[in-house]
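This report covers helix packing and aromatic pairs in a predicted model. Start with the structure below.

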Amino acid sequence: METWLKDLVTQIDDATARLMTTVRGLTDEEVLEPSLLPGWSRGHVLAHIARAAEAHRNLLESARTGTDLPAYASQDARDTDIENGAGRPVAEHIADIERTAAVFRAAVGTVPGKAWTTSVTILHLDPFPASQVVLRKLVELELHHVDLNAGYRPADWPATFRPLELPEPMRSQAADRLSWFSAG
């Protein structure tokens with residue numbers, strides 16, 4: 001595995017562990033409370049993290065095989081899956097995120113070197129190289145950990161995450177989270 005990939009996978013593993021520590025501290029009732037994302041509970045954010053891991057795995061599989069495997073079946077299917085998963089007990093969210101994180105991590109190891117340049121896309125986004133899928137997984141974990149509104153803030157982002165050169169829309173999304181906590 002190339003150094004850039006090993007580094008990102010290590011950061012993903014660490015980010016997942018931090019997220020799981022936070023989620024294990026939530027009660028079933030707290031999962032139903034509002035997140036920082038308008039109209040979404042913490043459960044919505046947690047369901048999204050798990051479904052995004054599956055979408056990212058699909059993109060890696062697409063790059064590995066050269067087939068056109070969509071990240072999500074459709075925007076409606078994505079939204080329905082998140083809505084249907086949002087109200088689950090915290091233990092089910094934990095199991096789902098741990099399972100999908102493991103499946104994603106296993107998929108990373110199957111992508112051959114030349115496939116990392118394959119173009120993939122998620123729903124309405126412009127195509128991007130498969131190498132960005134791993135970065136996007138890391139960004140999802142760090143940003144949505146903040147979105148849980150459970151004590152994790154941009155100031156808690158690790159020193160290895162802060163200087164990453166993020167392409168759009170990830171750069172703007174990270175800047176949004178920073179601005180939420182810089183006012184005052």
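## Aromatic pairs

Trp116 is buried, with a relative accessibility of 5%. Trp4 is partly exposed, at a relative accessible area of 30%.

Across the whole structure, 2 aromatic pairs are found. Trp4 and Trp116 form an edge-to-face pair, with 5.5 Å centre to centre and 85 degrees between the planes. Trp4 sits in helix H1 and Trp116 in the loop between H5 and strand S1 (119-120), so the pair ties together parts that are 112 residues apart in sequence. Trp157 and Phe161 also pair: their ring centres are 5.1 Å apart and their planes stand at 70 degrees, so this pair is edge-to-face. Trp157 and Phe161 are both buried.

## Helices H1 and H5

Helix H1 (residues 3-24) packs with helix H5 (residues 90-108) at about 175 degrees, and the axes are 11 Å apart. That angle makes H1 roughly antiparallel to H5.

H1 contributes residues including Leu5, Val9, Ile12 and Asp13 to the contact. Among those from H5 are Val90, Ile94, Ile97 and Glu98. The contact residues comprise 12 nonpolar, 1 polar and 4 charged.

## Helices H3 and H4

How are H3 and H4 oriented to each other? The axes of helix H3 (residues 42-65) and helix H4 (residues 75-86) cross at roughly 130 degrees and come within 8 Å. H3 and H4 are therefore oblique to each other. The crossing is right-handed.

From H3, Gly43, His44, Ala47, His48 and Arg51 take part. They meet Arg78, Asp81, Ile82, Glu83, Gly85 and Ala86 of H4. This contact divides into 3 nonpolar, 4 polar and 4 charged residues.

Technical notes: Residues are numbered from 1 along each chain as its sequence is written. This is a predicted model: local features need pLDDT of at least 70, side-chain atom pairs count only at pLDDT 80 or more; totals for chains, interfaces and linings use all residues. Side-chain values use heavy atoms; hydrogens and water are left out. Axes are lines fitted to C-alpha atoms, for helices over the stretch in contact, and angles run from 0 to 180 degrees between N-to-C directions. Helices (H or I, at least four residues) and strands (E, at least two) are DSSP runs, numbered from the N terminus. Angles under 35 degrees count as roughly parallel, over 145 as roughly antiparallel, 65 to 115 as roughly perpendicular and the rest as oblique. Contact means heavy atoms within 4.5 Å. Ala, Val, Leu, Ile, Met, Phe, Trp, Tyr, Cys and Pro count as nonpolar, Asp, Glu, Lys and Arg as charged, and the others, Gly among them, as polar. A crossing is left-handed if the near helix is turned anticlockwise from the far one by less than a right angle, and right-handed if clockwise. Rings of Phe, Tyr and Trp (its six-membered ring) pair if their centres lie within 6.5 Å; planes under 30 degrees apart count as stacked, over 60 as edge-to-face and the rest as tilted. Buried means under 20% relative accessible area, exposed over 50%, partly exposed in between (1.4 Å probe, protein chains only).
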